[in-house]
Amino acid sequence: MTGAFVRAAALASALGPDLDAAVERLAGAPVAPARNTKTGGPWPYFAIPIAGEDWRERAEAIARSVAGDLRREAALAPGEWAALPCIVGSSSFSVGAWDDGGWQALEPSFEFSSSLAKAFGVRGAVTAVSTTCTSGLSALDIARGLVAAGEFHDVLVLGVEFRNRLTVAGFAGLQLLSATAARPCDRERDGLVLGEALAAVLVSAAPAPWRIAALATGMDAASVTGPGPDGTATAKTMRAAMAGARWESAEVDLIKLQSGGGPLADLAEGRAVREIFATAPRSVSLKGALGHTLGASGPAELALLLASLARGRVPATWGFAKPDDELGLEPSGGDAKGLRRVLFNLSGFGGSVMSLALEKAP
Amino acid sequence: MYLLAPTVLRVAPEDFPARVRVRFAAELRRAGRFAQLCLLGAQACLDAAGGDGPLGVLWASEFGAVHATRAALDEDLERGEPAMPFTFIAMQPHLAGALLAQRSHPVTRAACLYLPPHAWPGLPRLALGWLAECERVLVGCVEESGSGGVAHRSDWCLFQKNPVAEAVRCERSLNPENAATATGEDWIARVAAWRGSGHAPLLLRGGEDAWSFTRHG
């Protein structure tokens, strides 16, 4: 078994068409999501600022743009790049194509994933995985396993969630959306704001600044549409990640929270953190800036967080202003100096809970 | 690793609701057809395999929750009505793991893959990796009927680290050229049929990857 590292990452999100733009924008004043869009209807929505009327053509244009960014950063030889296997995680795949083109525009999820891999210029085996909002992190988990087992030196992971009305309608039907803004951990939080993103992460056996020290998974079967209120499954999964990484709780420098502004879901995560840590470490949520990008959220938030840390900053948590005493979490940005161990939480419908332990090279 | 209880389930669409009611009473009435189909096969496999311990659940489909997708797009979205929780397509493919956990199985991880028919060897390969963290991994290939006359399909088997009676030893083959070609539709059925009658090891391939199945003991 060998180690697995985050060799390179790229991102198209509401913060910008590329990762540099996103990090720069995240360091500035918060930007509100768009309103009254075709996709979001009356709900606010974080859309990628890349125009395009045809859903499929726009998706492929975004993919080619992100591929170019990742390829420059990864600096693989052309043959190595072309041979990459590709693991795609999404909760919706190409369902947004139906919005414009009806049934004939839809294609099976595997075929859509293959077309994304083609847009990236890679010809290795394609795998498509769906575990709701943790899909992208599940893809990274599979990649980590393949690299750690020595089957591949590098594996391309895509977290994909493109605009579609069905997902917004589903969350609206579940009464999980905020009509105004995402306010992670805030006393006045009242729901999620959805968004789209395409994130690409290259998982590699080659040493890089951030090592995947562990990735733990859990199942919270309390409800299929939300976490158990006591946060037990989340706490258990975080503990498993720390155990896998051989960390003591006091060694965790930062928690990237799942928190997206849902009143009860945030509370459950807060309880989990308080159960584990006598004093909660510094924390951050990125869903106030990216929106909840669902199946893309793992790779998207990972890319954005690591790029921010590489520039020496823990990003601010947009939407957080007023602490909630019952929640007990107060995300804070600032200087990232000395920060080495990050616990990265993600959870989703269907009871999926994941916690990723990331360790920076000394 | 060792394979237990290869379980093959084919159900005519018109018989499916009654089969679900007989096995699960009203328990799964809101789960959606794809999740019901997963559960019907997975539970049959677990019943046959017995045992306990932390369980991974890994299943693949070529087309996924076809019925739920059609229902959500045609009936809900086109009429302007909100998609309801139990037909919410983003959740449908992944629901089986949570439903098994709610039935008191100790599920620790679950994932649904979309795979073309020849890519089935990815399932035992991934299961082998999961066995580092789970004692058992339930693996399935599930497909809803897309047209009249074609049966719903939900085939499952259980992989575990340790041998037991009736288990089949399962290893990646280094000689895929000698293996018979199988697909996601028939590889579990072929293992089940071979286990009942075969003597020589069974070699099955999909794409460039192959697995060998050998009687244990």
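In this predicted model, A:Gln175 is exposed, with 9 other C-beta atoms within 10 Å, a count that falls under the exposed class because that class takes in residues with 12 or fewer such atoms. A:Gln175 is found in the loop that runs between helix H7 (165–173) and strand E6 (194–195) of chain A, and its phi is near 60 degrees, a positive value in a residue other than glycine. Most residues other than glycine have a negative phi.

The loop between H7 and E6 of chain A also holds A:Cys185, for which phi is near 65 degrees, again a positive value in a residue other than glycine.

Elsewhere in chain A, helix H2 (residues 55–74) packs with helix H5 (residues 109–120) at an angle of about 45 degrees, the two axes lying 8 Å apart. That angle makes H2(A) oblique to H5(A), because angles under 35 degrees would count as roughly parallel and those from 65 to 115 as roughly perpendicular. The crossing of the two helices, H2(A) and H5(A), is right-handed. On the H2(A) side the contact is made by A:Glu60, A:Ala63, A:Arg64 and A:Ala67, which meet A:Leu116, A:Ala119 and A:Phe120 of H5(A). By class, the residues of this contact comprise five nonpolar and two charged, with no polar residue.

Between the chains, the contact takes 37 residues from chain A and 35 residues from chain B. On the side of chain B that touches chain A, two or more residues are given by each of helix H3 (66–77), helix H4 (95–102), strand E4 (107–114) and helix H5 (122–130) of chain B. Of the side of chain B that touches chain A, the largest share is that of E4(B), with eight residues. Classed by residue type, the side of chain B that touches chain A has 25 nonpolar residues, seven polar and three charged.

Strand E4(B) is also joined to strand E4 (residues 126–130) of chain A by three bridges, and the two strands run antiparallel. Within this pairing, A:Val129 stands opposite B:Leu113 in E4(B).

Key:
Residues are numbered from 1 along each chain as its sequence is written. Chains are lettered from A and ligands numbered from 1 in the order in which they are written. This is a predicted model: local features need pLDDT of at least 70, side-chain atom pairs count only at pLDDT 80 or more; totals for chains, interfaces and linings use all residues. Axes are lines fitted to C-alpha atoms, for helices over the stretch in contact, and angles run from 0 to 180 degrees between N-to-C directions. Helices (H or I, at least four residues) and strands (E, at least two) are DSSP runs, numbered from the N terminus. Angles under 35 degrees count as roughly parallel, over 145 as roughly antiparallel, 65 to 115 as roughly perpendicular and the rest as oblique. A crossing is left-handed if the near helix is turned anticlockwise from the far one by less than a right angle, and right-handed if clockwise. Two residues are in contact if their C-beta atoms, placed from the backbone, lie within 7 Å. Ala, Val, Leu, Ile, Met, Phe, Trp, Tyr, Cys and Pro count as nonpolar, Asp, Glu, Lys and Arg as charged, and the others, Gly among them, as polar. A residue is buried if 20 or more other C-beta atoms lie within 10 Å of its own, exposed if 12 or fewer, and partly exposed in between; C-beta atoms are placed from the backbone. Two strands pair if DSSP finds at least two bridges between them.
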